[in-house]
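Hello,

Here is the structure for you to take over. Please open it first, then read the notes below.

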Amino acid sequence: MDKVVVLNNTVLSAFSSILRMDIVKTVFDEHHTSKDVFDEVIRGIKRGYDFLHQVREAFYPINQDGWLIIDGLKDLEDYRLYVELLRKIDPGESSCIVIAYREDWIFVSDDKEARNVAEALGVKISGTLGILKVAIDKKMVSVEEGDFLLNLMIKRGYRAPIRRMSDLY
């Protein structure tokens with residue numbers, strides 16, 4: 001079965017900050033995000049977060065060669081859930097959870113509250129560490145490189161619950 005994910009800005013920012021969006025692209029079979037996350041990325045670029053250009057280049061259909069599909073809310077049920085979730089979490093997280101819930105896809109975020117909300121709805125979750133772990137397990141990167149990448153993310157502002165990927169092995 002294909003691994004289809006809905007990516008939130010926290011994970012996109014972590015990987016783009018170290019210029020390794022290729023890992024996200026390769027680990028999963030199909031990649032989606034929401035219009036709200038697209039808007040967050042564009043606002044980030046305007047605020048000077050130049051590393052987010054790498055995310056912008058991944059957006060489809062904005063770029064014909066993009067691989068990160070901008071998805072949206074489709075019906076009244078989606079909008080009702082979205083409005084309910086907005087009481088607890090931000091628009092980007094809310095819209096991504098709605099899409100993942102509707103399609104039975106994996107919600108990928110590092111936002112703790114959003115992950116809790118998704119889990120309460122029965123949505124499968126992952127995050128930056130999960131992606132790095134899969135990349136190591138698939139031999140896309142070594143454990144040592146995983147440690148290096150995580151350390152680089154931390155230096156760029158990522159708040160990780162662990163300091164080394166090798167702690168997971």
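In what order do the strands of the open sheet run? The model is predicted, and its open sheet has six strands in the order β3-β4-β2-β1-β5-β6. The pairing is parallel.

Strand β2 covers residues 30-34 and strand β4 residues 68-71. Four bridges join these two strands in the parallel sense.

Next, a helix. Helix α1 (residues 9-17) packs on the sheet. It touches β1 (4-7), β2, β4 and β5 (106-108). The direction of α1 makes about 90° with that of β1.

Now the aromatic rings. Searching the whole structure gives two aromatic pairs.

- F38 and F59: the ring centres are 5.0 Å apart and the planes lie at 75°, so this pair is edge-to-face. F38 belongs to helix α3 (residues 35-46) and F59 to strand β3, so the pair links distant parts of the chain, 21 residues apart.
- Y49 and F51: this pair is also edge-to-face, with 6.0 Å from centre to centre and 75° between the planes.

Y49 is partly exposed, with 44%. F51 is partly exposed as well, with 28%.

Best wishes

Terms used
Residues are numbered from 1 along each chain as its sequence is written. This is a predicted model: local features need pLDDT of at least 70, side-chain atom pairs count only at pLDDT 80 or more; totals for chains, interfaces and linings use all residues. Side-chain values use heavy atoms; hydrogens and water are left out. Two strands pair if DSSP finds at least two bridges between them. Contact means heavy atoms within 4.5 Å. Axes are lines fitted to C-alpha atoms, for helices over the stretch in contact, and angles run from 0 to 180 degrees between N-to-C directions. Rings of Phe, Tyr and Trp (its six-membered ring) pair if their centres lie within 6.5 Å; planes under 30 degrees apart count as stacked, over 60 as edge-to-face and the rest as tilted. Buried means under 20% relative accessible area, exposed over 50%, partly exposed in between (1.4 Å probe, protein chains only).
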